[in-house]
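Here's a quick walk through the model, going from the overall fold down to a few helix contacts and single residues. Have the viewer open and follow along.

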Amino acid sequence: MVDVFEQVEEELRSDRYKRLARTWLPVAGGVLLVALIAALAFWGWDSWQTSKADKASVAYDRGLESLEANNPVGADAAFVQAAKDGNSAYKAMALSQRAGIALAANRVPDAIALLDEAARASGDPLLSDPAALKAAWLAMDSETLEQVEARLEPLAREDRPFSAFALEALAMARLQHGQVAPAREALVLLKNGLDTPEIVTQRADLAIAAIDAGGAPGLAAIVRAQAAIPVAPPAPAAPAAPAAAPARP
C-alpha cells in the first residue's frame, strides 16, 4: 500500500513539474533570446565604433601630414573625413584644424563657424572650451560686446579649465568697446591671481601698464594678436662638450 501511495505522489509531482515547465520554459527561453540579441547587438556596435575610430585616426593623421606638406586642400578633405567617421573628440579636433585652415586663407567667418561647431561637438571642456575661446577672439571684430560676452562668460567660470584665458578675453573685449575701468580691474585680478597661468599674468601686467600710460585704444588688438600666438616649445638642450683628451705622459 505504501508503494501505491509513493507512486501516486510521484506521478502528481511529475505532472506539477510538467505544468511548471510548460508555463516557465517559454519565458526563460525568451529571456535568454533577448539577452543573446542584446549581447550580439552590443558586440556589433562596439566593433563598428572601433572601426570608425580607426578610420578617423588614419584620416586625422593624413590631414596633419598634408598640413606639413603645405597641402591645405588635401588636409581639409582629410579632416572632413575624420570629423565624419570619428567620435566627439576626433570631431572636435578635426573641426578645429579645419578652422585653422580657413583662418590661414583669411576666411574668418568660416573659421568662426567651424570653431563653434567644434565647441558643440564634445562635452569635454578640455576639448570644447579652447575652440569656443578661439571663436570668441575671432568674433570680437564682427560681433557686439553683448554677443562676445555671451560667448565668454560661461568659459570664465571658476570650474572651467581655461577660465583665466576667458577672463583675459573679456577684459580685452570691454577695453575694445571703451570700458577701460572694468577692463583694468579684471586685468589686475588676473595679474594677482594665484592660479593665473604665467603667460596670462605677463600679458595682464603689460596691458595694465599700457592702460596707465594712455595706450588703451590700440591695446585690445595687440593683446589679441599675442593671445593667438602659440607658446613656443622649449629649445633642445645644447649637446655636452666632448671631454678633453688626457695629456700624454
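This is a predicted model: local features need pLDDT of at least 70, side-chain atom pairs count only at pLDDT 80 or more; totals for chains, interfaces and linings use all residues.

## The overall picture

The protein chain has 10 helices and 0 strands, so the element order from the N terminus simply reads α-α-α-α-α-α-α-α-α-α. Of the 249 residues in the chain, 29% are buried.

Which residues of helix α6 are buried? In this helix, which covers residues 145-152, they are Leu145, Val148, Glu149 and Leu152. These four sit on the same side of α6, because they cover an arc of only 100 degrees around the axis.

## How α6 meets α7

The axes of α6 and α7 are 10 Å apart, and the two helices pack at an angle of about 175 degrees. Angles over 145 degrees count as roughly antiparallel, and α6 and α7 are therefore roughly antiparallel to each other. On the α6 side the contact uses Leu145, Val148, Glu149 and Leu152, while α7 brings Ala166, Ala169, Leu170, Ala173 and Arg174. Sorted by class, the contact has 7 nonpolar residues, no polar ones and 2 charged ones.

Leaving aside residues up to four places away in sequence, glutamate 149 touches Pro154, Leu170 and Arg174.

## How α3 meets α4

What angle do helix α3 (residues 88-104) and helix α4 (residues 108-121) make where they pack? The angle is about 170 degrees, and their axes lie 8 Å apart. That makes α3 roughly antiparallel to α4.

From α3 come Ser88, Lys91, Ala92, Leu95, Ser96, Arg98, Ala99, Ala102 and Leu103. They meet Val108, Asp110, Ala111, Leu114, Leu115, Glu117, Ala118 and Ala121 of α4. By class, the contact of α3 with α4 comes to 11 nonpolar, 2 polar and 4 charged residues.

## Aromatic rings

How many aromatic pairs turn up in a search of the whole structure? The search finds 3. Ring pairs also tie Tyr60, Phe79 and Tyr90 together into a cluster.

## Alanine 207 in α9

One last stop is alanine 207, which lies in helix α9 (residues 198-212). Its relative accessible area is 1%, and since buried means under 20%, alanine 207 is buried. If you want a distance to check in the viewer, take alanine 207 and valine 188: their C-alpha atoms are separated by 9.5 Å, and the two residues are 19 residues apart along the chain.

Note on methods. Residues are numbered from 1 along each chain as its sequence is written. Side-chain values use heavy atoms; hydrogens and water are left out. Buried means under 20% relative accessible area, exposed over 50%, partly exposed in between (1.4 Å probe, protein chains only). The arc is that of the directions from the helix axis to the C-beta atoms. Rings of Phe, Tyr and Trp (its six-membered ring) pair if their centres lie within 6.5 Å; planes under 30 degrees apart count as stacked, over 60 as edge-to-face and the rest as tilted. Axes are lines fitted to C-alpha atoms, for helices over the stretch in contact, and angles run from 0 to 180 degrees between N-to-C directions. Angles under 35 degrees count as roughly parallel, over 145 as roughly antiparallel, 65 to 115 as roughly perpendicular and the rest as oblique. Contact means heavy atoms within 4.5 Å. Ala, Val, Leu, Ile, Met, Phe, Trp, Tyr, Cys and Pro count as nonpolar, Asp, Glu, Lys and Arg as charged, and the others, Gly among them, as polar.
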